[in-house]
Structure formats: structure tokens, C-alpha cells
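Visitor: I am new to structures and would like a short tour. Please tell me what each term rests on.

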Amino acid sequence: MSFPDTVIAAAQVVARLDDPTLVLLDCRYDLADANAGWQAYGRSHLPGARYAHLDTDLSDLGRSGLGRHPLPDPDVFAAICGRWGIGPETDVACYDAAGGALAAARAWWLLRACGHRRVAVLDGGWTAWTAAGLPVSDDRPLRRIGDYPRGASTLGAACEDAGALAAALAAGDILLLDARATARFRGEVEPIDARAGHVPGARNRPYTENLAADGAFLAPSGLRRQFEILLDGRPPSQVVHMCGSGVTAVHNLLAMEHAGLHGSRLYAPSWSGWITDPARPVARGG
Amino acid sequence: MPDATASAWSDLAQRLLPLAGDPALPPDNLEALERWWGGPRPLRPAAVLVGLVPRPDGLRVLLTRRQEGLTHHGGQVSFPGGRIDAGDADAVAAAVRETQEEIGVGAGQVRPLGRVEPLATVSQYLVQPVVALVDPAYRLRLCAGEVSCAFELPLALAARRELWQPYPLPRPGLEVELRALEFEGHTIWGATAMILERLLARLRGMPL
């Protein structure tokens, strides 16, 4: 049976709530309180959903110099997938309470980097699900299977090198899209990081523009028009995404895939990684 | 008991708290519990046996599943153990006695090695974990009223932190980070998980 590989509608998930071959991942995360999403999961979640913690499951906070949410070790993440009961034949739907940006898209991207294609982000997420009165539960499912096979994983080869990024930008080989809010991109405010501004040459594309007012994704055709203007004739594979820490950036990457613009990449360290070396240039405004 | 690896056991024992005398430190989770309770509460002394079974593929820890319907922790995975009775010389004696009563593994097959830090439980027990070597030739005789099964968990598997699922407490306001491990249909969490964590912290770097 085919399974969407970008965005999945709530109706498709509801129909399979009792289906053990569909794993639901609750990825809710609040930047202001690292355990708020986890505690919210403890109160209620989609029936049977497992919790994916941005800090401990979707990141390895022990790696330094790579931003606030460094990518996890491929072997560790393969074991975490097994803990969630995800194997190569499993369908996965990820959701959060931020339209997919915190941190469902990150989980989606990590699973794809493991070579898993049967994974999608729930359109509208927790907000739309509960607004529609769909079922929730406080169950605590646990069903561990073996580690996810490492055969097709590209996670260890992800783009994390600031020097390579700067060189590719200087050569005009890539289009760097920054998903943060415009005021942060311009350096007018900086609520989290030690320095304000953006990587010189980056273009701003707030991830919120991928979403309609109700928090659902815009139609693929509309997203495609918007990104094609930014691409200005470049192939999608030249696009590199960033944000504050490589989490909301994936929302833009997901939006491009959803729009049929395939092959863009993630610079996971993002702004918080870029500024760990004070010698790296910073731009403001524009 | 195998003696060929006596020095390995001695290395392990040296990483543990001494057997003699209860550790002077209060349980490090007591403060969080007392905050949640709104003040101190009396704690009943208890002891559990953290039995290590040497198998060809590494160390395994002996766990039980408590009978469904028991007042305290029914249906949960735990170490053999229980209240320290007036007749018990100390926590070590209580842990060994309870192991005999619950799973039929007697003192002759159990060699206490040391302890790990005590902990307090929501059910108001002060638990002294006693770590012991268990003869791999042991035979189970389960006390049907208390224990529904016993099984061995490979320590090397328990040591893989990424296999532990963050587990939100069903008790709002109690600020303790819990993790749960699924192993062959058993869920290991709560006090048992915390005791394993204490043991694994002390064995870090050793071949398991």
C-alpha cells in the first residue's frame, strides 16, 4: 500500500489507529521549556503514539560546536527507531503542536536520512487533531524491536561543516535559505542566540509561510510557486536550509519536497553552530 | 560457583558500596518526593537483591514480575525483595531471605558483593539494593502468590541508554525523570529502572 512521504491528512491516520504497522511519533517541543512537550505527551497524545524528544532522541547534545541541536549519532538513532517500534516496513506519522516545525519535520528528516521513505508529517498536527475532536489517549505504549538497519543511512554524511558551507556560498553553488522569523534574520531581535544576524548571502524564508492560517500546509501548487520564485531557475538540489538550530529549517525542506521540488539539503548546525566561531562573518538587515 | 573469574568479581565488588552497614547518605530522590508529598513521610525499610548471573554472552540481571493484584506494585517488573523484618540481621540478610521466599533461589546460590545507593519510592519504602553474584545453575521455585515469572535481562542491553524511552510520570508535579525499557514483553521502569541506573553508573567502563 502506498504511503505519503511528505504530509499525511488526519483522515488517513484515523483510519489506521488500530494498525500496528503505523507508528505515530509525538514530537511536541517547546523552545522555552524543554520538557513541556514531554509532559504534555504524558497527559494525552494520539492513541498509541510514542514520544520523540528533540533534545535526547532527535539530537545529540553532547556534540559541541554544531549548534543547539546537533544531529544524533547514526547508530544511536537506529537504536532509538527500534525503541519506537520502527522497522523498514513500518509507516510513520510524526506530529507536533507547531504545524510540523517543532519538531515533527526534524523526525521526518532523520528517518529519511536513515533511508526510511514511509514517513510523513501529520497535516495540522496536534492542534487540528484535537480541534476536530479526534481520539486521544494517555496510554504509554512500549514495543521495542531491533535497531533500524544501517544499510541506506546517509545520516553520518549530513552537511555540518561551516567551512564547506561558506565556500559553496562564496562560489555561488548553493542558495542558503534561513527559516527563522524575519526580525531574527535581520538581527533586530535575538531571543535565544548570543549574536544576532544571519550568514552573509543567506535568504530569509520564514517557515511560517508554508502554513495556512489554520496551521495546515499550503497546497503543493502554491508552495511550488513560492519556492520557484526564490530558486530563480536554480535546481532544488542547490538549496541548503538553515534556521536557529536545524529544526524549523527542515520545515522548509519538507515544504519543498511536498511541492515536488526534490533534493534540497539541511545545514544542521544552523545559526547557533555558525556563531560558535566568532571569526565567522555575520550580516544584519536585508 | 565459578572461581576462575574470581578477580573479575573482586573488581566489580570494589566499584560497589560496602556490604556492611547501611549507607549513611539519604536517598537522592527523597527531596523530590518530599516536595511532592508536601513534607516528610515515614519510610518503611526494604531491601532488594540485584542478582548478577554470569552467562557466556555476558552478565544478566535477575528480575521478577510481581503477581497482578498485589497491593504494592502489582504486575510490575521488580527485583526480588521486600520489607526488612525484625528477624533480619540487616538489609543483606533481608534481600537474601526474600529471594529465597519469592523465587526459591537460596543463600547457597547467592554471593553478596556490595550495594548501590538506596532510594525512596512513592509507596513510602526506603529500598537498599544489594548486589550479588547468582550461581548460573540456579533453579527457580516461584512463590505463586507474589511472583508471576522471573527472567534475566542482559546488562549490556540495559546499558544502552538510547533504548530507554523517556517515560512521563502518571503523577503530575513529581519532578523525576523516568525512562522505561521494553524487553521481551516486560516493561522495566520506576524504582527498578532507577536501581539499574545506579548499578550501571558504578560499572561504567567494565565489560558487561
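The talk below goes from confidence to contact, helices and a sheet.

Guide: This is a predicted model, where local features need pLDDT of at least 70, side-chain atom pairs count only at pLDDT 80 or more, and totals for chains, interfaces and linings use all residues. Residues are numbered from 1 along each chain as its sequence is written, while chains are lettered from A and ligands numbered from 1 in the order in which they are written.

Visitor: What pLDDT does chain B average?

Guide: Chain B averages 90, and pLDDT is the predictor's confidence in each residue, from 0 to 100. In chain B, 96% of the residues score at least 70. The complex gets an ipTM of 0.75 and a pTM of 0.88 from the predictor.

Visitor: What makes α3 of chain B a helix, and what span does it reach?

Guide: Helices (H or I, at least four residues) and strands (E, at least two) are DSSP runs, numbered from the N terminus. Helix α3(B), residues 91-103, has 13 residues. It reaches 18 Å from first C-alpha to last, close to the 18 Å expected at 1.5 Å a residue. That expected span is 1.5 Å times one less than the number of residues.

Visitor: Why is α3(B) called largely enclosed?

Guide: Ten of its 13 residues are buried, so the rest of the structure largely encloses α3(B). Buried means 20 or more other C-beta atoms within 10 Å of a residue's own, with C-beta atoms placed from the backbone; exposed means 12 or fewer, and partly exposed lies in between. B:Val92 and B:Arg97 are among the buried ones. The cover includes β1 (44-55) and β7 (125-134) of chain B.

Visitor: Which strands form the open sheet in chain A, and why are two of them at its edges?

Guide: The order is β7-β6-β8-β9, with parallel pairing. β7 (203-204) and β9 (265-266) of chain A each have a single partner strand, so one side of each lacks a neighbour in the sheet. Two strands pair if DSSP finds at least two bridges between them. β6(A) and β7(A) have two bridges, so they meet that rule.

Visitor: Why is α9 of chain A called largely enclosed?

Guide: Ten of the ten residues of α9(A) are buried, so the rest of the structure largely encloses it. A:His251 and A:Met256 are among them.

Technical notes:
Contact = placed C-beta atoms within 7 Å.
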